[in-house]
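Thanks for asking me to look this one over. Could you open the model next to this note and follow along?

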Amino acid sequence: MITLTGKKVSEGIAIGKLSFYKRDIKEVRHIYVKDVEKEISRLQKAKERALFELQELYEISIREVGKANAAIFEMQQDILDNDRLWNRITSIILEEKLNAEYAVKTATEEYLKDNRDKGNEADVRDAAIRMIRILSRSWKDKLYVDEPFIMAAGDLYPSEAVQLDKERVLGFVTKYGTVNSHTAIIARTKGIPSVIALGESLKAEYEGKMIIVDGYEGKIYIEPDYTLLTRMKRRQDENKVHITNLERLKGKENITQSGQKIDICANIGMREDIERVIRSDAGGVGLFRSEFLFMENGNRAPTEEQQFQAYKLAAESMGMNRVVIRTADLGGDKRAEFLEMEKEHNPAMGLRGIRMSLEKEEMFKTQLRAILRASIYGNVQIMFPMITKVEEVIKAKEYLEGVKQELKAEKAFFDENIKVGVMIETPAAVMLSGELAREVDFFSIGTNDLTQFTLGMDRTNEAVMSHYDTKHPALLKMIRIVTNNVHLEGKTISVCGDLAADLSMTEFFVQIGVDELSVAPDQVLGLRKKIREIQ
Ligand code: PEP
Ligand code: MG
């Protein structure tokens, strides 16, 4: 039996066979192209992206496993820069007028045939697969094998993690990653036990082996012995009993012993999560991370109709309980393929959240239309992310007003008095919370981003994780200030970042008078239990 220690990101025990996620290519098709110049430019862009990804992997690997092991990523960059290979790829496009994916595949096969003795076949293939995957922007088909299994990967992009099906992926383990990344958040939202940052000790040779993921301790066991397997199965059973005990709290109030109440809502990202919210007995959806709809939609933005159906389902399912739809918070580590975003030096501080929406006018208006149309099916509210100044809120509200007028002209129905809120996730928003509170109906504190921007530490950077204090006194002070300011204006406040689920913080939130906590569906009843124990 081999034991590996990583970081826990989502609790629970999973037992099953390990399968490495291969970012394989879908069947590459042979397509004639009319505009070869455009095809060459697509190829160039894909190459830039591939080199960028490989450089990132190289840097992470240097930190994690040293220069010698990181060298493969450098080698793969050299392969993409290989003149012979590159010239052949471009000549297939220019002379044979074929698509870039096919050109990469064909040129790679020819290259491998001529260079059999070089011993770098796996790396050449890997580099080519990366290029084709970027070009074809599809890996959806490759996520699943037939039986439920435990997925292993170097790292998972949030856009890949959103596609994991809980019925099939029993747990997941990765070599890299941080507990505050969106991949980790997705694992918690879906309730998939996971351990990340296991490093290079998570070896490809473990493929197909029986493993246990212990999401409570952040450990995985490869080929566990009988005693451990029995103990872990017992732990799984105990967990079921614990969940059954918590189930008794369904229908009960979130009220302290002294009679103070606080609402508990759930955070979701996809249509599939809605059912989990209903089962969790949450008082509504406190945060619908709508950008996940955009990230799972491949190379096209979801249409107004697609979005409308998802929002309508949430609204109908929640009845009179509120459903707070956050407009797409894209950017940072939440990259959607269709946006074809330029490489940013520091994406966490880049074009994201409301900044992106205000630039992508059509995308923003389409989303507002879909939300407004869904608003008559329940208690829908809109929330704008990553706010740094009052003008952004005014501008966003102007768009909302414009879209309302459009819908009125079309005689479409919607809630004219739909409530509007903002996320408080930047120190700028904290400092302006008094002014912002006058512009909106509610606040929601995104402690995840507020922590990274207050501490000046990237939430996805493994190198700073030992300094990353999610309960930093400055942060707690900010939460207090914002709560006071919003209450002075007679408006409400929720906390929807991960700190809301930290049970050591519950008493603090209750004490300062936060109105609502919004957590992953599986965390709702545990939080209710905690609140009911507070004196
Ligand atoms: C947050 O920043 O705390 C938040 C809830 O938003 P996200 O984690 O999606 O960035
Ligand atoms: Mg955020």
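This is a predicted model: local features need pLDDT of at least 70, side-chain atom pairs count only at pLDDT 80 or more; totals for chains, interfaces and linings use all residues.

1. Residues are numbered from 1 along each chain as its sequence is written, chains are lettered from A and ligands numbered from 1 in the order in which they are written, and side-chain values use heavy atoms, with hydrogens and water left out.

2. Glu 425 sits in the loop between strand E13 (419-424) and helix H14 (427-431), and Asp 449 in helix H16 (residues 447-455), so the pair ties together parts 24 residues apart in sequence. Helices (H or I, at least four residues) and strands (E, at least two) are DSSP runs, numbered from the N terminus.

3. Glu 425 is buried at 2% relative accessibility, and Asp 449 is buried at 3%. Buried means under 20% relative accessible area, with a 1.4 Å probe and protein chains only.

4. Asp 449 also turns up at ligand 1, where one of its polar side-chain atoms lies 2.9 Å from a ligand oxygen. Arg 326 has a side-chain N or O atom 2.8 Å from an oxygen of ligand 1, and for Lys 334 the corresponding distance is 3.1 Å. The protein covers 100% of the 290 Å² of accessible area that ligand 1 has on its own (Shrake-Rupley method, 1.4 Å probe).

5. Which element gives the most to the shell around ligand 1? That is H16, with three residues. In total, 16 residues surround ligand 1 (a heavy atom within 4 Å).

6. On the cysteines, the count comes to zero disulfides, a disulfide being a pair of cysteine sulfur atoms within 2.5 Å. The sulfur of Cys 265 is 10 Å from the closest cysteine sulfur, in Cys 496, which is too far for a bond. Cys 265 is buried at 2%, and Cys 496 at 1%.

7. Finally, Tyr 21 lies in the loop between strand E3 (13-20) and helix H1 (36-80). Tyr 21 is buried, with a relative accessible area of 10%.

How values were computed
Buried means under 20% relative accessible area, exposed over 50%, partly exposed in between (1.4 Å probe, protein chains only). A polar contact is a pair of N or O atoms within 3.5 Å; within protein, one must be able to donate a hydrogen and the other to accept it, and residues adjacent in sequence count only if both atoms are side-chain atoms.
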